[in-house]
Amino acid sequence: MQRHYRGGCQCGAVSFDVDLDLDQSVTCNCARCQPLGAVLAFAPRGRFVLHSGAENLTEYRFNQREIAHLFCKTCGIQSFSYGQMPDGSEMAAINVNTLKGVDPRALSPTHVDGASM
Ligand SMILES: [Zn+2]
């Protein structure tokens, strides 16, 4: 079920609102998600609102460079990234660990073998 969440980085510079269905969350073993321990959920870009911190984000791209991984340059936390869905529409990939009031360990994410993609 889709619900409204607030999230952000550790130091508070980056904050956002997003609508997500956490029953559709995923974990991934790619070169970035695994060391981060990220639990991800995806939203159309229109359901994601960045309230603060745009000027405080550093962008990192790797591999095919299609995903803009954005982390806070003050505290280092990556709370979201920008990319595209398979149909080409703009999306935001949210690090569920950075949502307020959510216990990611209570979720049952689907595991994605990103390392083999
Ligand atoms: Zn921060």
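The questions and answers below set computed values against their definitions.

This is a predicted model in which local features need pLDDT of at least 70 and side-chain atom pairs count only at pLDDT 80 or more, while totals for chains, interfaces and linings use all residues. Residues are numbered from 1 along each chain as its sequence is written, and side-chain values use heavy atoms, with hydrogens and water left out.

Q: What makes C9, C11, C72 and C75 donors of the zinc ion?
A: Donors are N, O and S atoms within 2.8 Å of the metal (3.2 Å for Na, K and Ca); water is not among the atoms, so sites may look incomplete. The SG atoms of C9, C11, C72 and C75 lie 2.3 to 2.4 Å from the zinc ion, and they therefore meet the definition.

Q: Why is the site of the zinc ion called tetrahedral?
A: Four donors count as tetrahedral if all angles lie between 85 and 135 degrees. The angles among the four donor atoms are 105 to 117°, so the term applies.

Q: Why is C72 called buried, and what is C11 called?
A: Buried means under 20% relative accessible area, exposed over 50%, and partly exposed in between (1.4 Å probe, protein chains only). C72 has a value of 1% and is buried, while C11, at 41%, is partly exposed.

Q: How do you know that the structure holds zero disulfides, and what is the case for C33?
A: A disulfide is a pair of cysteine sulfur atoms within 2.5 Å. The closest cysteine sulfur to that of C33 is in C30, at 3.8 Å, which is too far for a bond. C33 is buried, with a relative accessible area of 10%. The count of disulfides in the structure is zero.

Q: Which helices and strands does the protein chain contain, and in what pattern?
A: Helices (H or I, at least four residues) and strands (E, at least two) are DSSP runs, numbered from the N terminus. The protein chain has one helix and ten strands, in the order β-β-β-α-β-β-β-β-β-β-β.

Q: Why is the protein chain called as compact as a globular protein of its length?
A: The radius of gyration is taken over C-alpha atoms, and the globule rule is 2.2 Å times the number of residues to the power 0.38. For 117 residues the rule gives 13 Å, and the radius of gyration of the protein chain is 13 Å, so the description holds.

Q: Why is N63 called exposed, and where is its place?
A: N63 has a relative accessible area of 61%, so it is exposed. The place of N63 is in the loop between β6 (57-60) and β7.

Q: What is the phi of N63, and what is that of R65?
A: Most residues other than glycine have a negative phi. N63, which is not glycine, has a positive phi near 55°. R65, also not a glycine, has a positive phi of about 60°. R65 is found in the loop between β6 and β7.

Conventions. Tetrahedral: all angles 85-135°; square planar, octahedral: opposite > 155°, others 65-115°.
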